[in-house]
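Thanks for coming, everyone. I have one structure to walk through today. Please have a look at it first.

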Amino acid sequence: MDVFEAIAKRRSIRKYQEKDVDDKLIGVLLWAAAQAPSAGNLQEWRFIVVRDKKTKELLYNVALRQEHVRQAPVLIVVAADLEIQSLRYGKRGELVYALEDCAAAIENMLLAATALGLGTCWIGAFDEEDVKNILRLPDFVRPIAIITVGYPAEEPEKKEVDYSRFAFLEYYGKKFEFEFKTLHELIMEKIEKLREFIAKKQNKEMVVE
Ligand SMILES: Cc1cc2nc3c(=O)[nH]c(=O)nc-3n(C[C@H](O)[C@H](O)[C@H](O)COP(=O)(O)O)c2cc1C
């Protein structure tokens with residue numbers, strides 16, 4: 001699966017099969033996460049892999065009791081070491097870069113999971129202090145997201161995206177008039193043009209003959 005297919009296929013999965021996820025695959029997800037860009041290349045993301053049922057139950061309780069949090073065989077809690085960013089970039093590092101870096105790492109992880117046939121869901125609704133206590137995070141480490149991981153037991157419906165709504169040209173408000181296409185659509189267009197070209201060429205040759 002190439003990156004475009006993974007982007008197109010990735011959806012939030014909230015129902016999982018009983019099947020466990022091998023540590024080797026979790027390793028691949030963490031590898032993908034840590035390939036993400038980070039401000040100053042500080043790589044301040046921290047990942048806590050949770051398999052223990054009791055810990056999952058505790059996290060479920062402080063994450064609005066969302067069923068998929070305790071149902072997923074594996075949780076990966078993504079946290080940021082704020083001290084590292086703050087030492088280099090002050091408030092901006094702590095308040096902005098740390099979150100951005102973790103978000104980039106998370107998306108890499110979600111796409112890698114999709115390519116491996118795994119389902120994930122990004123969980124942002126949880127009590128930070130409670131998560132810190134459950135996972136024994138030091139004061140300077142902030143939990144950013146809980147990622148549920150497992151083999152999908154559902155196939156979400158296709159998502160509608162209104163591309164005309166969020167792209168501007170030169171300044172905010174001036175619409176960027178551009179057709180948003182997937183790589184697949186672009187390739188199909190090229191193939192269609194090639195077909196037309198060949199058909200025309202064949203017609204010409206037939207006329208000459
Ligand atoms: C920052 C953030 C927080 C989110 N928090 C939750 C959450 O607490 N529970 C949940 O089920 N989904 C959560 N999601 C997933 C979104 O609901 C989901 O990405 C969105 O509905 C689009 O669907 P898709 O991921 O299938 O494309 C979160 C996503 C992001 C980026």
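Predicted model: local features only at pLDDT ≥ 70, side-chain atom pairs only at ≥ 80, totals over all residues.

The domain assignment gives two pieces: domain 1 covers 8-150, and domain 2 covers 163-208. Their C-alpha centres are 39 Å apart.

Now helix α5, residues 82-115. What separates its end C-alpha atoms from the span of a straight helix? Count 34 residues at 1.5 Å a residue, and a straight helix would reach 50 Å. In α5 the end C-alpha atoms are only 31 Å apart. Look at Tyr-89: there α5 bends by about 145°.

Check both ends of the helix too. At the start of α5, Asp-81 puts a side-chain oxygen within 3.0 Å of the backbone nitrogen of Glu-83. Just after α5 comes Gly-117, with a positive phi of about 80°.

On to the largest pocket. It holds about 1,100 Å³ of space. The lining has 35 residues, and the closest to the centre are Glu-5, Ile-7, Ala-8, Lys-9 and Arg-10.

What is the make-up of the lining? It divides into 15 nonpolar residues, six polar and 14 charged.

Last point: where does this pocket sit relative to the domains? Domain 1 and domain 2 both contribute residues to the lining, so the largest pocket lies between them.

Definitions and conventions: Residues numbered from 1 in each chain as written. Heavy atoms only, no water. Domains from an automatic or database assignment. Helix = DSSP H or I, 4+ residues; strand = E, 2+ residues; numbered from the N terminus. Expected span 1.5 Å × (residues − 1). Bend = angle between axes of the 7 residues up to and from the residue. Polar contact = N/O pair within 3.5 Å; in protein donor to acceptor, adjacent residues only side chain to side chain. 1 Å grid on protein atoms, 1.4 Å probe; cavity = no way out; pocket = protein on both sides within 12 Å on 5 of 7 lines; lining within 4 Å. Points joined across faces, edges and corners; volume = space filled by probe spheres on them. Nonpolar A, V, L, I, M, F, W, Y, C, P; charged D, E, K, R; others polar.
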